[in-house]
Amino acid sequence: MAARAPIRIAFIGDGGISRSVRETLAETGTPFTVSAILSHRTEGQGIEQGVGTLAALLETRPDLVVECAGHGAVIAHAATILEAGVPLMIVSIGSLADADLLARLRQAAEAGNSRIILAAGAMAGIDALSAARLGGLSRVVYRGRKPPAAWCGTPAEQLFDLDNLDMPKIFYRGSAREAALTYPKNSNVAATIALAGIGFDRTEVELVADPTVEKNIHELMFEGEDGRFDITICGAPSKANPKTSALTAHSIARLIAGMASPIVI
């Protein structure tokens, strides 16, 4: 029997998540090759796979494009990739809180006969949430607690002094849509939960800056016809970016490995 051909992957972004995904795939023996990397980090650095434009990336004929570069990259490149017939894994899932953007990308995927792929990322239980949606969900609540440093560079800085916080501070209560749009670098989990469950406007979100914790804590509760489910995880922050969990890159790598494997879980 012929060996399965390595999956050809192009990356948009060369930051911590992108590099960690590539390292994890290599360490786990997943058959893959990097066809291109589109990122300002590749400019002038002599990286063999580095390209300067999306057109050049698509010319490498990838089997999959993985976006790891933020909301702006999704807005700028996603529709073109999907219309070209290439599956796109979006890591900046919070960008899809923009209803118009989500509708455009859905249409682009249909036009190109391609797919938008979303990894579970830092949150456990997304498979159960998505399954429970089929039975009927009545309520979904997400609570994200992170060390104050994880909220630096966000609107939370304007609400209180993150450096001198001595007790947990709830600074946001509202919908997943508003959370994802207001805190784009921190709310991919909320967006993932919303898309897997009852949508951005019905999903309840609470965000907390907590000086008593050293890791990112994600709490998910959902209930409906299949029962009530309470899930809490305490994920270590990424060494490359404390605003995200280390599990995020491993979740992406696991999903890609499944695409290259004869057995998928």
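User: Hi! Which residues does glutamate 206 touch, not counting residues up to four places away in sequence?

Analyst: Glad you asked! Leaving out residues up to four places away in sequence, glutamate 206 touches Tyr142, Arg143, Gly144, Ile170, Tyr172 and Arg173, where contact means heavy atoms within 4.5 Å. This is a predicted model, with local features needing pLDDT of at least 70, side-chain atom pairs counting only at pLDDT 80 or more, and totals for chains, interfaces and linings using all residues. Residues are numbered from 1 along each chain as its sequence is written, and side-chain values use heavy atoms, with hydrogens and water left out.

User: Why is glutamate 206 called buried?

Analyst: The relative accessible area of glutamate 206 is 15%, and buried means under 20% (exposed is over 50%, partly exposed in between, with a 1.4 Å probe and protein chains only). Glutamate 206 therefore counts as buried. You will find glutamate 206 in strand S9 (residues 204-209); strands are DSSP runs of E with at least two residues, helices are runs of H or I with at least four, and both are numbered from the N terminus.

User: What makes S8 and S11 edge strands?

Analyst: The open sheet has 5 strands in the order S8-S9-S7-S10-S11, with mixed pairing. Strand S8 (169-175) and strand S11 (227-235) are the edges, as each pairs on one side only. On average, neighbouring strands of this sheet are turned by 10 degrees against each other, direction ignored.

User: How do you know that S10 pairs with S11?

Analyst: Two strands pair if DSSP finds at least two bridges between them, and 9 bridges join strand S10 (residues 216-224) to S11. These two strands run antiparallel. Glycine 224 has glycine 227 of S11 as its bridge partner.

User: Which helices lie across S7 and S10?

Analyst: Helix H5 (residues 126-135) lies across strand S7 (137-146) and S10, at about 160 degrees to S7. Helix H7 (residues 188-196) lies across S7, S9 and S10, at about 170 degrees to S7. Axes are lines fitted to C-alpha atoms, for helices over the stretch in contact, and angles run from 0 to 180 degrees between N-to-C directions.

User: Why are H5 and H7 called roughly parallel?

Analyst: Their axes are 8 Å apart and pack at an angle of about 30 degrees. Angles under 35 degrees count as roughly parallel (over 145 roughly antiparallel, 65 to 115 roughly perpendicular, the rest oblique), so H5 and H7 are roughly parallel to each other. Their contact is made by Ile126, Leu129, Ser130 and Arg133 of H5 with Thr192, Ile193, Leu195 and Ala196 of H7.

User: How do H3 and H4 cross?

Analyst: The axes of helix H3 (residues 71-83) and helix H4 (residues 99-112) come within 7 Å and cross at roughly 20 degrees. That makes H3 roughly parallel to H4. Among the residues making the contact are Val74 and Ile75 of H3 and Leu101 and Leu105 of H4.

User: What makes the phi of arginine 61 worth a look?

Analyst: Most residues other than glycine have a negative phi. Arginine 61 has a positive phi, near 55 degrees, and sits in the loop between helix H2 (54-59) and strand S4 (64-67). Its relative accessible area is 67%, so arginine 61 is exposed.

User: Where is asparagine 113, and is it buried or exposed?

Analyst: Asparagine 113 is in the loop between H4 and strand S6 (116-117). With a relative accessible area of 72%, asparagine 113 is exposed. Its phi is positive, near 55 degrees.
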